[in-house]
Amino acid sequence: MIPERDTKVSKNEPQKDKYGSFALFDIEHFLRRILKNWYWFVLMLFIGYVISWVYSKYYAQSIYSSNLSLSISNNTSSYFTPNQSINFIWGQNGNQDGVYLKKMLLSRSHNEFLVKELDLFVNYSTKGIIKSTYIDKTDSPIFLQVDKKHLQQINYPITLIPKGKDAFEVVLPEEGQSTNLYSYESEGFQSINGYNRPANKIVSINEWYNAPNLRFRLLRNTETPKIKVDNIIVTLGSVNQSVNDIVSTIGVEFDKEIGTIMIINKKGFNLNSTVNFLNKSVAELQKKRLADKNIVNKNTDLYLQNNVDNIRKKLDSSAAVLNYLKTSEKLYNIKDRDEKSLDKIKELEGRKADIVSKLSSLNNIKNTLQAQDFEKMISTNAAGFEDGFFSASVTELKALYAKKREMAMIYKPNSEPIKEINRLIAEARAGSSGTLRNYYTKYYDEINKIDQQVAEANGDLNSYPEKERKYLDAERGYSMIEATYNSLLGRQNEAQMKVATNQSDITVIDPAKNLGQGPIGPNVKAMKMGIMTGLLLLPFLFILIGEVLDNKIRNIKELLSATKIPLLGVIGNNSNENMLTVLEHPKSSVSEAFRGIRASMRFLMENNREDGKGKTILVTSSIGGEGKTYISINLASVIGLSDKKTILLGMDLRKPKIFGDFKIDNKYGISNYLTGEVEIEQIINHTNIPNLDVATSGPIPPNPSELLMSQRNIKFIEELKEKYDFIIIDSPPVGLVADSYELMKYSDANIYVVRHEYTEKYMLKMITEKYHNEEINHLGLIYNDYNTKQGYGYGYGYGYGYGYGYFDEDKNYEEPLLIKIRNKVQAIFNKK
């Protein structure tokens with residue numbers, strides 16, 4: 001059902017001002033304009049590509065990439081190397097090991113070790129005619145060794161020029177020397193007194209170069225470089241800067257098919273540098289993993305050994321008691337022993353002893369965790385479980401405590417960073433403690449069940465005399481201690497076996513290699529994209545300005561939102577040569593749309609009084625060319641075809657239209673009747689549709705407004721209501737004259753035609769205001785000429801002969817200033 005006017009909306013002035021107000025920008029049409037002008041974007045893209053190619057070829061530094069793949073085996077578990085149920089699928093449980101390894105590879109401590117071990121804060125390059133190129137340390141004929149005890153100026157290019165065998169000239173920049181120098185020992189900056197620029201100097205291999213801001217010596221490369229360079233430019237960087245640069249160029253991914261395979265990627269300005277770094281990084285990681293794994297296993301072995309020693313003493317004591325009872329009390333041959341019950345009790349008490357032993361290990365883990373003594377943690381295997389979440393939470397807790405110790409040297413105890421790290425520690429502790437509580441609950445529940453079963457079995461032994469029961473108790477005690485002893489020995493053997501056979505669970509599948517890989521891109525991708533994007537923005541901005549100045553209706557949703565007027569239907573583009581679409585193409589989609597409008601009309605008129613008279617439907621629009629006559633003809637046709645006696649009145653007296661399509665003589669029409677020249681029967685013309693008659697406009701009168709507003713015209717309409725079920729009035733456009741507004745007072749329903757990509761938005765403001773001020777009732781919209789392909793043609797095929805020059809009275813019509821500016825700009829740029 002078509003919605004009624006929103007009567008709940010307040011009638012205050014601010015609300016009224018919103019009616020008829022459209023958005024300044026239509027994104028959908030804007031995108032279509034961009035597609036239409038695609039060739040400008042292609043041209044700008046080509047120009048941008050040429051410019052960026054020249055830049056990257058002769059100015060930008062190329063970036064290279066190398067990869068290393070490794071496999072991680074699932075043969076151990078550690079708080080320092082969590083390795084539980086590895087599936088390595090991001091976002092799923094069980095990927096704790098993958099997350100841990102990734103954090104290790106990207107951690108500051110790991111990469112800082114590599115920076116210092118490989119002197120990665122020393123950067124090598126060579127300069128050609130146009131640009132400088134980074135080279136690997138192995139590609140340089142000499143190495144620069146820094147005196148780390150001496151203050152050094154960083155980010156300061158040192159040019160080394162070969163001067164014969166074993167001699168190089170040290171050339172420093174003409175300016176840029178600094179008094180703020182870097183210390184590689186403290187990894188901080190210190191200030192010194194001012195000094196003059198050091199002069200160029202020739203130094204030999206192994207000779208120390210001394211200057212206020214530098215101290216280094218040159219070492220020979222024992223391997224012959226594969227490339228020959230005319231100069232070497234060395235630039236020193238800080239440790240922190242080098243670490244950050246390295247971390248930003250490392251990528252870690254996991255194989256999609258085999259989850260235990262990790263692929264590490266390193267980007268850099270030199271291929272050999274990336275290869276050497278990846279191989280060294282993984283080698284150090286293998287060592288670290290093996291050491292971390294052995295810590296837990298050795299702790300577990302030591303813990304279990306202490307327990308074995310203690311339980312061995314208890315076992316010996318229990319054996320002595322049992323032997324005493326056998327020899328002194330002669331109780332080893334008890335008659336009628338209930339072996340079945342005794343075996344069941346021994347089995348239950350053996351299980352209980354094993355659980356008690358696990359509880360003891362669980363207490364050790366709990367106490368160690370509370371004491372924050374992570375280096376003494378034992379394996380959860382000693383407590384009879386493996387839990388990836390618990391191991392991960394302990395690893396996280398260890399890292400958080402280490403971070404807190406670092407932060408405590410910088411921040412005050414009550415500062416926000418310390419509060420935040422305490423909050424994270426509390427969450428991690430809660431997670432680990434919660435896991436331990438679950439296992440405590442599980443073990444105590446099992447012990448309670450065993451105690452109940454033992455109590456039931458003991459009932460069968462109550463018939464034994466006191467001495468016999470004393471012996472049986474001693475025997476059961478010995479069996480329980482023996483079961484505990486055997487359980488501990490088994491777990492100790494397992495821990496010792498792990499220590500003896502432990503290997504790093506990281507296996508390199510494909511080491512990083514220099515296979516002559518080409519560069520993956522220029523150094524400054526942002527610059528390249530900036531050049532191309534900047535040129536692409538030129539046509540984009542050009543179209544954007546044109547779109548902002550465009551004020552045509554192009555969006556049905558926006559139309560309804562702005563006007564709040566019900567929509568009766570949408571009519572598609574008509575490609576016929578005339579306006580009789582419903583009659584000549586009854587099965588077309590356009591004809592079906594008119595049938596939908598016919599059904600919607602009854603909702604628009606449902607509140608009208610039923611008086612037995614015909615219903616008057618007035619069709620109008622903003623200006624000529626929007627299709628009101630086309631809508632009138634086809635709406636009358638579709639109503640007439642539904643067995644409703646219908647008449648179509650051509651009351652657009654200034655521009656007669658209807659007669660041509662119906663092939664009717666326009667010699668006599670409504671204008672003749674209203675002037676009293678003819679009778680009503682002379683102007684009513686029958687059509688091929690039995691229930692459809694047409695009254696044409698007739699000759700153009702000199703006073704059309706007076707005729708339409710005359711009492712004779714009103715009486716004429718009332719008289720037709722007695723004869724017809726529906727009267728369809730093709731009225732003048734309301735954007736230029738007020739005739740239709742007066743006729744609306746006598747109509748039962750009013751249709752306002754809006755044409756897609758033709759009607760100006762500002763033209764709807766007046767009709768919208770009148771509707772919401774209740775000056776016009778029973779009003780509905782028809783959206784005409786909607787092209788589903790979103791084309792730019794308006795072609796009705798029958799050609800409207802008027803627009804803004806509809807008739808003489810509109811010659812002095814003044815357009816709004818914004819529309820005038822818009823039209824001028826469009827004319828200049830030949831825009832639609």
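I count rings of Phe, Tyr and Trp (its six-membered ring) as a pair if their centres lie within 6.5 Å, calling planes under 30 degrees apart stacked, over 60 edge-to-face and the rest tilted.

**Ground rules.** My model is predicted, so I ask for pLDDT of at least 70 for local features and 80 or more for side-chain atom pairs, while totals for chains, interfaces and linings use all residues. Residues are numbered from 1 along each chain as its sequence is written, and side-chain values use heavy atoms, leaving out hydrogens and water.

**Rings.** I looked up the aromatic pairs and got twelve. Trp 38 and Tyr 39 are edge-to-face, because their ring planes stand at 80 degrees, with the centres 6.0 Å apart. Tyr 39 also pairs with Trp 40, and that one is tilted: 45 degrees between the planes, 6.0 Å centre to centre.

Elsewhere, I found one aromatic cluster made of Phe 121, Tyr 182, Tyr 184 and Phe 189.

**Buried or exposed?** I use relative accessible area with a 1.4 Å probe on protein chains only: under 20% is buried, over 50% exposed, in between partly exposed. Trp 38 comes out exposed at 52%. Tyr 39 is partly exposed at 41%, and Trp 40 is partly exposed at 43%.

**Charges over rings.** Here NZ of Lys or CZ of Arg must be within 6 Å of the ring centre and within 35 degrees of the ring normal. I noted Lys 137, whose charged end sits over the ring of Phe 143, 4.8 Å from its centre. Arg 712 does this with the ring of Tyr 673, its charged end 4.1 Å from the ring centre.
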